[in-house]
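The sequence and structure come next, and the description follows.

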Amino acid sequence: MTFRDHVILITGVTRGIGRAIALRFIAEGAVVAGIYVRDDEAAEQLRGTAEEAGGRIILYKGSVSDHGFVANVMKDLFETYGRLDVLVNNAGRTNDQMALFMEEQQWNEVLDTNFIGTCCCSQEAVSYMLRQGRGAIINMVSVSGIYGREAQTNYAASKGAIMGLTKLYARLYASQSIQVSAIAPGMIETEMAQSVPAEKMADFLKHTAAGRLGSAEEVADAVMYLAGPLASYHAGQTLKIDGGFLR
Amino acid sequence: MMKTAFLHHAETASGTATALYLLQRGIRVTASFMVPEQAEQFRADLPPQWQEQIQTIVAPDVQMKAVESLITGSAEQMQGLDLYIHGQDWVDELEALKHDPAEFALKSYSLLSELFLYSRAAGSVMARKQRGQIIVPMLADSLHYDGFPSSPVYNQGALAFVKSFAKELSPFRVSVNALTFGYFRMEKKAASGRNNRKPFDIYALKPPVPELEELAHGLGLLLDYGHGMSGQNTTWGYGIQSVL
């Protein structure tokens with residue numbers, strides 16, 4: 001078990017992809033720390049599932065773009081376990097609207113959570129990883145950040161910026177044994193996908209070689225690869241997990 | 001045919017080169033600067049034959065209503081807005097990140113917000129007229145190891161914005177494209193002939209290395225043919241990859 005007793009911090013942990021990643025690391029014997037912002041009920045469900053499986057999980061409630069909160073979480077984790085092996089920046093939100101009708105607030109909210117949140121968490125985590133001389137940061141982006149998507153200028157720009165941040169961090173820290181990568185999931189079977197209109201979904205699948213939605217567990221598999229030793233020469237790249245989506 | 005253009009961030013070196021190129025092509029230009037001194041200096045340096053062709057404004061504001069008003073007002077004054085170019089200072093993001101990560105995050109955020117607000121305002125004017133082009137120039141990120149300022153966060157975020165916005169404006173026949181410039185001759189690294197070309201062998205063998213002013217001519221590709229393409233990232237330079 002590659003990740004036995006490793007300490008893994010996952011943001012946006014309570015649902016969808018974040019939840020699947022948490023359970024996958026728990027199955028590997030890791031200690032999982034999760035950040036969530038709102039859904040206490042989902043957090044408790046996750047805790048229950050993890051503990052039933054004999055896993056170790058610690059949950060923190062707060063915003064990833066609150067620098068003070070993020071700093072306290074990392075400090076607490078490091079003081080408790082003495083290590084921080086992997087950070088998965090998974091927290092993200094959408095607020096879709098055509099750009100010509102988009103309000104400033106809609107733009108700001110999405111950039112704030114997705115981009116500033118990733119910056120805050122990465123900045124804090126990397127200081128501990130440098131101290132221990134190793135670590136991995138995995139940023140969850142989206143195919144929207146690669147191909148663009150109508151009504152998602154805010155979301156796409158935030159995810160594109162995170163792909164750029166991934167390159168920047170890799171340039172700075174790859175030579176110090178810190179693996180920084182991104183994953184761009186295509187259409188994954190999560191709550192976010194349920195809001196996609198049927199016609200759009202059909203069109204999306206028509207352009208996907210696999211001909212089906214991906215699962216959160218398949219994205220979690222990719223995280224296992226990028227966070228572990230098999231990806232030791234993988235730096236700054238974005239790995240698409242999209243079933244062969246072409247646009 | 002392009003007759004009117006709004007150029008944002010004309011105070012930058014690439015912005016100035018762009019402004020001169022647009023003027024050479026006979027385009028009427030509104031050029032925006034961050035502070036009045038920059039606008040005054042630009043005007044003072046401009047040959048007399050172009051003085052009538054350009055309007056300089058100071059546009060430090062990045063509030064939605066103010067930006068809308070600025071772009072709409074400029075379009076009215078020029079009696080049209082065929083082209084919007086979102087110039088940007090080419091920032092060394094790695095140095096900025098090393099120096100102050102929190103400040104770097106906020107600065108990157110504000111640059112992307114500025115792109116959104118200005119492009120949105122220009123796109124709105126163009127959509128009503130059912131014609132126009134928006135161009136977002138950037139400097140190739142791959143030049144990082146060659147001593148150029150490299151901005152992967154801005155470039156990648158801006159490109160994702162360009163691709164998304166292009167999809168939305170296609171019904172209005174407004175095109176939105178990025179133009180990525182390659183290497184050019186930097187003053188501080190001035191060298192001649194072979195020595196000047198050798199560092200770029202990784203891109204193409206002893207490629208020609210243009211002056212910054214010559215780079216701006218790459219815009220001609222989009223000015224002349226850009227109506228037939230949208231959501232693209234065109235690169236200008238020997239051996240520069242079109243995928244970021």
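## Report on the model

Helices (H or I, at least four residues) and strands (E, at least two) are DSSP runs, numbered from the N terminus. The UniProt annotation "domain: Ketoreductase", from an unreviewed entry, covers residues 6-186 of chain A. UniProt positions are given in the numbering used here, feature names are shortened, and annotations may be inferred rather than shown by experiment.

This is a predicted model, in which local features need pLDDT of at least 70, side-chain atom pairs count only at pLDDT 80 or more, and totals for chains, interfaces and linings use all residues. Residues are numbered from 1 along each chain as its sequence is written, while chains are lettered from A and ligands numbered from 1 in the order in which they are written.

**The sheet of chain A.** Seven strands of chain A form an open sheet with parallel pairing, in the order β3-β2-β1-β4-β5-β6-β7. Two strands pair if DSSP finds at least two bridges between them. The edges of the sheet are β3 (56-61) and β7 (238-241) of chain A, each of which pairs on one side only. Strand β2 (residues 31-36) of chain A runs parallel to β3(A) and is joined to it by six bridges. A:Val32 stands opposite A:Ile57 in β3(A).

**Chain B as a whole.** Chain B has nine helices and seven strands. Its radius of gyration is 18 Å, close to the 18 Å that the globule rule gives for 244 residues, so chain B is as compact as a globular protein of that length. The radius is taken over C-alpha atoms, and the globule rule is 2.2 Å times the number of residues to the power 0.38. The C-alpha atoms of chain B fill a box of roughly 50 × 40 × 40 Å, taken along the principal axes. Of the 244 residues of chain B, 50% count as buried. A residue is buried if 20 or more other C-beta atoms lie within 10 Å of its own, exposed if 12 or fewer, and partly exposed in between, with C-beta atoms placed from the backbone.

**Strand β5 of chain B.** Eight of the eight residues of β5 (residues 132-139) of chain B are buried, so this strand is largely enclosed by the rest of the structure. In a regular strand the side chains alternate between the two faces of the sheet. On one side of β5(B) the buried residues are B:Gly132, B:Ile134, B:Val136 and B:Met138, and on the other B:Gln133, B:Ile135, B:Pro137 and B:Leu139.

| Strand paired with β5(B) | Bridges | Bridge partners |
|---|---|---|
| β4(B), residues 83-86 | three bridges | B:Ile85 and B:Ile135 |
| β6(B), residues 174-181 | eight bridges | B:Leu139 and B:Phe181 |

**A loop residue.** B:Gln232 lies in the loop between α9 (219-225) and β7 (233-236) of chain B. B:Gln232 is partly exposed, with 18 other C-beta atoms within 10 Å.

**Where the chains meet.** 30 residues of chain A are in contact with 32 residues of chain B. Two residues are in contact if their C-beta atoms, placed from the backbone, lie within 7 Å. On the side of chain A that touches chain B, the largest share, 13 residues, comes from α6(A).
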